[in-house]
Amino acid sequence: MSNSGIKLVYPSGPAEPGLRVVYYCYGSAHSSIVCAAIHLGRLTGNRVRGRDIVQLADYDATEPWSIGTVYFKGVDDLGHPVYTLGLGPRRKAALEAVIALLALPGFQTVPILFAEALSQIGPVARLGGALSRRYGMVKWGRPLSAWAIARRIDEMRSFVDRVREAERQAAIDAPAPLLS
């Protein structure tokens with residue numbers, strides 16, 4: 001399943017019950033963090049401001065050397081773990097490499113829903129993120145990226161809603177849990 005930045009990857013062998021949701025972007029510091037926070041109900045309310053985003057515990061916190069690290073963010077209301085992942089400047093190629101690895105027998109036992117968060121923010125947020133994380137200008141970059149993301153929060157919520165719908169559909173199609 002692939003739907004505008006949402007890709008469901010099934011295990012190569014028999015699947016165990018469940019599903020994992022992974023929001024990915026460049027460095028797992030901004031767009032994926034905000035999407036995961038929306039998904040987990042940590043960023044609610046009609047009016048989200050830049051300061052609300054900056055107050056997220058993990059916003060603008062990852063370092064460039066940690067690209068490729070998977071971060072657990074919590075379990076959603078459907079019981080599925082939610083993660084973030086930074087894949088660097090060649091996200092599409094990196095994601096295909098991750099999927100190829102997961103396709104090997106024994107690497108993956110549950111379906112994984114990958115959602116590309118970076119496409120949900122604009123150039124000003126990307127500039128702020130680069131200033132903060134890549135160039136160390138946190139004083140200017142962090143508030144700029146948060147302000148720009150807050151301006152696009154409705155689009156991000158809409159994207160997370162599409163991810164949640166794909167998650168619900170995948171949960172319907174997934175194997176039933178084994179009762180002990």
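Reply: Let us begin with a term. A residue counts as buried when its relative accessible area is under 20%. The model shown here is predicted.

Me: Which residues of helix 1 are buried?
Reply: Helix 1 spans residues 31-39. Its buried residues are Ser31, Ser32, Ile33, Val34, Cys35, Ala36, Ala37, Ile38 and His39.

Me: What do the buried residues of helix 1 pack against?
Reply: They pack against strand 2, helix 2 (50-54), strand 3, strand 4, helix 5 and helix 6. As for its placement, helix 1 lies across strand 2, strand 3 and strand 4, and runs at about 150° to strand 2. After the helix comes Gly41, which has a positive phi near 75°.

Me: Is Ser32 buried or exposed?
Reply: Ser32, a residue of helix 1, has a relative accessible area of 0% and is therefore buried. If neighbours within four places in sequence are left aside, Ser32 is in contact with Tyr23, Tyr24, Cys25, Thr84 and Ala117. Two of these names return in the sheet: Tyr23 has Thr84 in strand 4 as its bridge partner.

Me: How should I read the sheet, and what is the order of its strands?
Reply: A sheet may be read by the order of its strands and by the sense in which they pair. Here five strands form an open sheet in the order 1-5-2-4-3, and the pairing is mixed. Strand 1 and strand 3 (70-75) are the edge strands, each pairing on one side only. From one strand to the next, the twist averages 25°.

Me: In which sense, parallel or antiparallel, do strand 1 and strand 5 pair?
Reply: Strand 1 (residues 6-9) pairs with strand 5 in the antiparallel sense, over four bridges. Within strand 5, Leu113 is the bridge partner of Leu8. Strand 2 (residues 20-25), by contrast, pairs with strand 5 in the parallel sense over five bridges, and Ile112 in strand 5 is the bridge partner of Arg20. Strand 2 also pairs with strand 4 (residues 81-86), again in the parallel sense and over five bridges.

Me: How many residues of strand 5 are buried?
Reply: Five of the five residues of strand 5 (residues 112-116) are buried, so the strand is largely enclosed by the rest of the structure.

Me: Is Ile6 buried or exposed?
Reply: Ile6 belongs to strand 1. Its relative accessibility is 1%, and it therefore counts as buried. The C-alpha atoms of Ile6 and Gly79 are separated by 19 Å, and these residues are 73 residues apart along the chain.

Me: Which residues of helix 3 are buried, and where do they lie on the helix?
Reply: In helix 3 (residues 91-102), the buried residues are Arg91, Leu95, Ile99 and Leu102. Seen down the axis, they fall within an arc of 70°, so they line one face of the helix. These residues pack against strand 1, strand 2 and strand 5. Helix 3 has twelve residues and reaches 16 Å from its first C-alpha to its last, close to the expected 16 Å.

Me: What do the buried residues of helix 4 pack against?
Reply: Helix 4 (residues 123-134) also has twelve residues, and it reaches 15 Å from its first C-alpha to its last, close to the expected 16 Å. Its buried residues, including Ala125, Gly128 and Leu131, pack against helix 5 (138-151). Just after helix 4, Gly136 takes a positive phi of about 70°.

Me: How is a pair of packed helices described?
Reply: Two packed helices are described by the angle between their axes and by the distance between those axes. For helix 5 and helix 6 (residues 153-173), the axes come within 5 Å and cross at roughly 65°. That makes helix 5 roughly perpendicular to helix 6. Where they meet, Ile149, Ala150 and Arg151 in helix 5 face Ile153, Glu155 and Met156 in helix 6 as contacts. Helix 6 also lies across strand 1, strand 2 and strand 5, running at about 165° to strand 5.

Key:
Residues are numbered from 1 along each chain as its sequence is written. This is a predicted model: local features need pLDDT of at least 70, side-chain atom pairs count only at pLDDT 80 or more; totals for chains, interfaces and linings use all residues. Side-chain values use heavy atoms; hydrogens and water are left out. Buried means under 20% relative accessible area, exposed over 50%, partly exposed in between (1.4 Å probe, protein chains only). Helices (H or I, at least four residues) and strands (E, at least two) are DSSP runs, numbered from the N terminus. Two strands pair if DSSP finds at least two bridges between them. The expected span of a helix is 1.5 Å times one less than its number of residues. The arc is that of the directions from the helix axis to the C-beta atoms. Contact means heavy atoms within 4.5 Å. Axes are lines fitted to C-alpha atoms, for helices over the stretch in contact, and angles run from 0 to 180 degrees between N-to-C directions. Angles under 35 degrees count as roughly parallel, over 145 as roughly antiparallel, 65 to 115 as roughly perpendicular and the rest as oblique.
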